Each structure stands twice: as C-alpha cells, then as structure tokens.
Amino acid sequence: MPSFRATLQITGLRPGHAPEDVMDMAVVTVGSAHVVEANQLDIVAGVPRITIRFMVEASEYDAENQFARNAAVSMAHGVNGVATTGALRTYRRSAGKWLTL
C-alpha cells in the first residue's frame, strides 16, 4: 500500500478546545478511511504544524493520489472545527523521498 502524508499549519485553537484535540481530530478523520501510520507535531518557523502519515489502498496511481488528497482535505475540514489552520500540503512516498502532490 502506498504511503502518504498530509501536513497542516495550526494557527490557533477555537474556544473550548484543548491542544490535544487538534491531533485527535486529525487522526480520527484520516483514520476513518485509511490506516494511519504515524502522527507528529513540529514547530516550523514558530508555527505549529501537524503531520499525519497514512496508507491508501493500492489501486491505480492517479486514483491513489486523489484518495490521499481527499483524505488531506477531510483532515483539514475536521481540524478546522477545533482550530484555525494555515497551509495544507500532501505528499507521496516514492523511492525514499516525499514528493508533493
């Protein structure tokens, strides 16, 4: 199964939500359709960024990429319910490198 990752900048929390709600929502949203391999929080240039690594069921190359893009957009939509967000990016693992979709 091909591996993908989605990264999302977190610019703030919505009222009534704890910081851990952000990652929990991201994992639950992506995990509802795909196997989540890992997740992490990084601070890049002073801005928090979450990364969810997940696998997509093997099929045709372009379809796999579209499933991954859809998962990333769903993740961003879910996280927007608990936090304000910035840039969303999706990557595919290929020959040991992460390629931007």
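1. First, a term you'll need: a nonpolar core is a set of buried Ala, Val, Leu, Ile, Met, Phe, Trp, Tyr and Cys residues joined through side-chain atoms within 4.5 Å. Keep in mind that what you're looking at is a predicted model.

2. Now find the largest nonpolar core, which has 20 residues. Ile50, Phe54, Met75 and Val79 have the most contacts inside it. At least two core residues come from each of β1 (3-13), α1 (19-31), β3 and α2 (61-79). The largest share, six residues, is supplied by α2. As background, nonpolar side chains in soluble globular proteins tend to be buried together.

3. Have a look around Phe54.

4. Thr51 sits in strand β3, residues 47-55. Is Thr51 buried or exposed? Its relative accessible area is 7%, so Thr51 is buried. Beyond its neighbours within four places in sequence, Thr51 is in contact with Arg5, Ala6, Thr7, Ala38, Asn39, Gln40 and Asp42.

5. On to charges: there are two salt bridges. One joins Arg53 to Glu37, with the closest N and O atoms 3.2 Å apart. This pair links strand β3 to strand β2 (residues 35-44), across 16 residues of chain. Arg53 is partly exposed at 32% relative accessibility, and Glu37 is partly exposed at 36%.

6. Another salt bridge pairs Arg92 with Glu64, at 2.6 Å from N to O. Here strand β4 (residues 83-94) is linked to helix α2, with the two residues 28 apart. Arg92 is buried at 9% relative accessible area, and Glu64 is buried at 5%.

Terms used. Residues numbered from 1 in each chain as written. Predicted model: local features only at pLDDT ≥ 70, side-chain atom pairs only at ≥ 80, totals over all residues. Heavy atoms only, no water. Helix = DSSP H or I, 4+ residues; strand = E, 2+ residues; numbered from the N terminus. Buried < 20%, exposed > 50% of the residue type's maximum accessible area, 1.4 Å probe, protein only. Contact = heavy atoms within 4.5 Å. Salt bridge = Lys/Arg side-chain N within 4 Å of Asp/Glu carboxyl O.
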